[in-house]
Amino acid sequence: MAEPADDVTMTFGGTATMLLRIGAFTLLTDPNFLHRGQRAYLGNGLWTKRLTDPALQPTQLPALDGILLSHMHGDHWDRIATARLDKTTPVVTTEDAAKRLKRRGFAATADLKPWQTHEFTRGTDILRITSVPGVHGPGPLAKLLPPVMGSVLELIRGGVAGSEVTWRGYISGDTLYRPFLGEVLERCGPLDVVIPHLGGTKALGLTVTMDARQGADLVELLKPPVTVPVHYDDYDRFKSPLGDFLVEVGRRQLPGELRPVQRGDTISLRP
């Protein structure tokens, strides 16, 4: 029997914050609850100002199976997240971010190296998260920025005939485009959806997240049936608007469906 079309959904909170309902599992990604006009600290004396209000707040969240954190920056894990989120909730993240979170009282962290996995289990169903390497800054700037990871999420349903992956998605995290990201397909298999972090973020005059061209390069590389762009207009350091990405994908006539989402919207992540 086919799975219902709405059993994998995303509610978009803004920036890279998403409430994901994947079968029986509920995940929160990159919790950022700052309001318009507030500033997020990026380290090394760098700040960025929020231009929008979030569509999700800690008081609105359901019970979570876990939190998925791509890296430790103030626009991905802010002071409100530290103060208001349940410190017993498992956080799947990088080794660097896990150390920082433990100092803040979040002890249930799963610190992943590239291509390592973590699994959540409910009955015969499994949600498997695989860490994908990323490059947050070019050249020497990489040493000034925290390590970042993307994530492949797989819903695995068990049954009489054995386990089967019924949905697979890739969230890029704050990485620049690199050809090695094609390993996602080689290691994990074809994707149902790609969720790229865009924005063309600038730091010290250099681009540190994918702009429109790089985002289109990623779509061309991975060829997903559905692309849901996020992380593109919430902060003043974002210099590549969503419209530029939509135009670039259209210009190249790339296959697959683009599903732009507004803050507060809930959409299906199935093809």
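Which residues does His136 touch, not counting residues up to four places away in sequence? They are His71, His73, Leu145, Pro146, Val148, Asp174, Leu176, Val208 and Thr209. Contact here means heavy atoms within 4.5 Å. The model is a predicted one, in which local features need pLDDT of at least 70, side-chain atom pairs count only at pLDDT 80 or more, and totals for chains, interfaces and linings use all residues. Residues are numbered from 1 along each chain as its sequence is written, and side-chain values use heavy atoms, with hydrogens and water left out.

Stay with His136 for a moment. His136 is found in the loop between β10 (125–133) and β11. Strands are DSSP runs of E with at least two residues, helices are runs of H or I with at least four, and both are numbered from the N terminus. His136 has a relative accessible area of 6%, so it is buried. Buried means under 20% relative accessible area, exposed means over 50%, and partly exposed lies in between, using a 1.4 Å probe and protein chains only. His136 and His71 are 65 residues apart along the chain, and their C-alpha atoms are separated by 9.6 Å.

A search of the whole structure finds three cavities of 30 Å³ or more. A cavity is a set of points, on a 1 Å grid over the protein atoms alone, where a 1.4 Å probe fits but cannot get out. Lining residues have an atom within 4 Å of a point. Grid points are joined across faces, edges and corners, and a volume is the space filled by probe spheres set on the points. The largest cavity has a volume of about 110 Å³. It is lined by 16 residues, and Leu42, His73, His136, Thr201 and Val208 are the closest to its centre. Its lining divides into seven nonpolar, six polar and three charged residues. Ala, Val, Leu, Ile, Met, Phe, Trp, Tyr, Cys and Pro count as nonpolar, Asp, Glu, Lys and Arg as charged, and the others, Gly among them, as polar.

The second largest cavity has a volume of about 60 Å³. Its lining includes Thr29, Asp30, Met149, Gly150, Ser151 and His197. Strand β11 (residues 149–157) gives the most to this lining, with three residues. By class, the lining has four nonpolar, six polar and one charged residues.

The largest pocket holds about 220 Å³ of space. A pocket is an open set of points with protein on both sides within 12 Å along at least five of seven lines. Its lining has 18 residues, of which Tyr41, Leu42, Met72, His73 and Gly74 lie nearest the centre. Strand β4 (residues 39–43) gives the most to the lining of this pocket, with five residues. Nine of the lining residues are nonpolar, four polar and five charged.

Next come the rings. The structure holds three aromatic pairs. One of them joins Tyr41 and Trp47, is tilted, and has 4.8 Å centre to centre and 50° between the planes. Rings of Phe, Tyr and Trp (its six-membered ring) pair if their centres lie within 6.5 Å; planes under 30 degrees apart count as stacked, over 60 as edge-to-face and the rest as tilted. Tyr41 is partly exposed at 39% relative accessibility, and Trp47 is partly exposed at 35%. Another pair is Tyr235 and Phe238, which is edge-to-face because the ring centres are 6.1 Å apart and the planes stand at 70°. Tyr235 is buried at 1% relative accessibility. Phe238 is buried too, at 10%.

Helix α4 (residues 212–222) is mostly covered, with eight of its 11 residues buried. Its cover includes β12 (164–171), α3 (183–188) and α5 (242–252).

Two backbone angles close the walk. Most residues other than glycine have a negative phi. Thr15 has a positive phi of about 50° although it is not a glycine. Thr15 counts as buried, at 0% relative accessibility. Leu204 also has a positive phi, near 55°. Leu204 is exposed, with a relative accessible area of 57%.
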